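Please open the model in a viewer and keep the selection tool at hand.

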Amino acid sequence: MKGIKIAFDGPAASGKSTVAKEVAKRLSYLYVDTGAMYRAVTWKALCLGADFRDEEAIIAIAGQFPVELKPSTDNAQGYVVIIDGVNVTDFLTSDEVNLYVSTVARISGVRKTLVAEQRALAREGGVVMAGRDITTVVMPDAEVKVYLTASSQERARRRFLEMEEKGENPAMEAVVNNIEHRDTIDSSREDSPLSVADEATVIDSTGKSIEEVVHQVMELVRTERG
């Protein structure tokens, strides 16, 4: 049976990447975390000392340094992110990347470059993709569309714990402010704003375990596949 396309959208730290990755694992599908691609471009721009107010410079960086996502069993993510030959997976949730990634993601030229890469990955089906414009822009033809959300307090708590696990020392207030700042930017940008597709199933993961949410999504998949 040919694999279907499964699309996840949702705000920062809603759990969509974790759930999408587990769904892909159970189906033996390709998993693509599009947010990691924008973070990789942000990381490269920081390394180059780019001015984030100079959109043309950021667009040039995205075009010059394609982002690769490769499956891996060596980390919890299940993949590694490579840009310009460097494995940047462990650097993508740093404070500096968190600060600038939404600025990078709202640049139309950057989105055009990365969306083309994402559509190429999804062309043959058998893919689970997570991001903020997957159901609306990247894979509007996806057979299963999920909008995964959670309260801002719950999302901040998750991001705080994630950063602590990586040896970082975040301040909860800063994490909350960053989450709220990203929500505002992601929902108000002119190009592909975060929104709920008409056909998407909305799942609120507040107070739910990963397994509970994965089960809900797998039921949607089973219904679609008959």
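Helices (H or I, at least four residues) and strands (E, at least two) are DSSP runs, numbered from the N terminus. Residues are numbered from 1 along each chain as its sequence is written. The model is predicted, so local features need pLDDT of at least 70 and side-chain atom pairs count only at pLDDT 80 or more, while totals for chains, interfaces and linings use all residues; side-chain values use heavy atoms, without hydrogens and water.

Select Ser192 to begin. Ser192 is found in the loop between helix 8 and strand 8 (201-204). Its phi is near 55°, a positive value in a residue other than glycine. Most residues other than glycine have a negative phi. Ser192 is buried, with a relative accessible area of 13% (buried means under 20%, exposed over 50%, partly exposed in between, with a 1.4 Å probe and protein chains only).

Next, select Ala13, in the loop between strand 1 (5-9) and helix 1 (16-27). Although Ala13 is not a glycine, its phi is positive, about 60°. Ala13 is buried, at a relative accessible area of 13%.

Finally, display helix 4 (residues 95-105) together with helix 8 (residues 172-188): they pack at an angle of about 10°, with their axes 9 Å apart. Helix 4 is therefore roughly parallel to helix 8 (angles under 35 degrees count as roughly parallel, over 145 as roughly antiparallel, 65 to 115 as roughly perpendicular and the rest as oblique). Axes are lines fitted to C-alpha atoms, for helices over the stretch in contact, and angles run from 0 to 180 degrees between N-to-C directions. To see the contact (heavy atoms within 4.5 Å), select Asn98, Leu99, Val101 and Ser102 of helix 4 with Asn178, Arg182, Ile185 and Asp186 of helix 8.
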